[in-house]
Amino acid sequence: MLKMFVAAAAITAGSFLNAYAAEKPTVVLVHGAFADASSWNSVITRLEKDGYPVVAVANPLRSVTSDGDYVRKVVAGLKTDVVLVGHSYGGSVINEAAADSANVKSLVFVAAFAPDVGETAVALSGKFPGSTLAPTLD
C-alpha cells in the first residue's frame, strides 16, 4: 500500500512540476546592431538553469520593420507565452515585433532603444546629449 502511495505521489508531483515548467514563458533574446546571437550566451545559461526555454534570434539587421517582422514570425512559431528581450537596436526590433503578437506578454529593454509610437532610433539617439551612435555610423 505504501509503495502504491509513494508511486502515486511521485507521479502527481512529476505532473505538477511539468505543468509548472510548461507555464514559464519562452524568453526570446534579440541582439543589437553591433553583435550577434552569441552575445547572449551567458544570459542563456542562467535562464536555462532556472528552467526557462530560451531562443536567441539571429537578428538580420536589415531595418527595424523587416527585422521586427522576422522576429514576429519566430515568436508566432513558438506557440507559448513569450517575453521579448532586446539590447540596443534590438529594443526597436522587439517593439516592432510585439505589435499584433498575441503571445508576447512583456518586453524587456536592456540598455536598449525603447521608442515611443512613431519614434525612430535615429530620433532617440539625438534626443539626449552624449550619444555616440551618429559618429559610429559615419
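Q: What counts as a strand or a helix, and how are they numbered?
A: Strands are DSSP runs of E, at least two residues long, and helices are runs of H or I, at least four residues long; numbering starts from the N terminus. The model read here is predicted. Take Thr26 as a case: this residue sits in strand 1.

Q: Is Thr26 buried or exposed?
A: The cut-off for buried is under 20% relative accessible area. Thr26 has 6% relative accessibility, so Thr26 counts as buried.

Q: Which residues does Thr26 touch, leaving out those up to four places away in sequence?
A: The contacts are Pro53, Val54, Val55, Leu78, Thr80, Asp81, Val82 and Val83.

Q: How do I read a nonpolar core?
A: Start with the general idea. In soluble globular proteins, nonpolar side chains tend to be buried together. Now the case. The largest nonpolar core has 13 residues. Val28, Val30, Val71, Val75, Val82, Leu84 and Val104 touch the most other members.

Q: Which elements give two or more residues to this core?
A: They are strand 1, helix 3, strand 3 and helix 4. Helix 4 gives the most, with five residues. There is also a second, separate core of seven residues, with Trp40, Ile44, Val54 and Val85 among them.

Q: What does Val28 touch, not counting residues up to four places away in sequence?
A: Val28 contacts Val55, Val57, Val75, Leu78, Val82, Val83, Leu84 and Val85.

Q: How should I read a helix such as helix 4?
A: Think of its turns. An α-helix has 3.6 residues a turn, so residues three or four places apart point the same way. Helix 4 spans residues 89–98 and is mostly covered, with eight of its 10 residues buried. The buried ones are Tyr89, Gly90, Gly91, Ser92, Val93, Ile94, Ala97 and Ala98.

Q: What do the buried residues of helix 4 pack against?
A: They pack against strand 1, strand 3 and strand 4, and against helix 3 and helix 5. After helix 4 comes Asp100, with a positive phi near 65 degrees.

Q: How are pockets found?
A: Rolling a probe the size of a water molecule over the atoms shows where empty space is left. Here, the second largest pocket holds about 170 Å³ of space.

Q: Which residues line the second largest pocket?
A: The lining includes Val64, Ser92, Asn95, Glu96, Ala99, Pro115 and Asp116. Gly118, Glu119, Thr120, Ala121 and Val122 also belong to the lining. By class, five are nonpolar, four polar and three charged.

Q: Which element gives the most to the lining of the second largest pocket?
A: Helix 4 does, with three residues. Helix 4 and helix 5 each supply at least two.

Note on methods: Residues are numbered from 1 along each chain as its sequence is written. This is a predicted model: local features need pLDDT of at least 70, side-chain atom pairs count only at pLDDT 80 or more; totals for chains, interfaces and linings use all residues. Side-chain values use heavy atoms; hydrogens and water are left out. Buried means under 20% relative accessible area, exposed over 50%, partly exposed in between (1.4 Å probe, protein chains only). Contact means heavy atoms within 4.5 Å. On a 1 Å grid over the protein atoms alone, a cavity is a set of points where a 1.4 Å probe fits but cannot get out, and a pocket is an open set with protein on both sides within 12 Å along at least five of seven lines; lining residues have an atom within 4 Å of a point. Grid points are joined across faces, edges and corners, and a volume is the space filled by probe spheres set on the points. Ala, Val, Leu, Ile, Met, Phe, Trp, Tyr, Cys and Pro count as nonpolar, Asp, Glu, Lys and Arg as charged, and the others, Gly among them, as polar. A nonpolar core is a set of buried Ala, Val, Leu, Ile, Met, Phe, Trp, Tyr and Cys residues joined through side-chain atoms within 4.5 Å.
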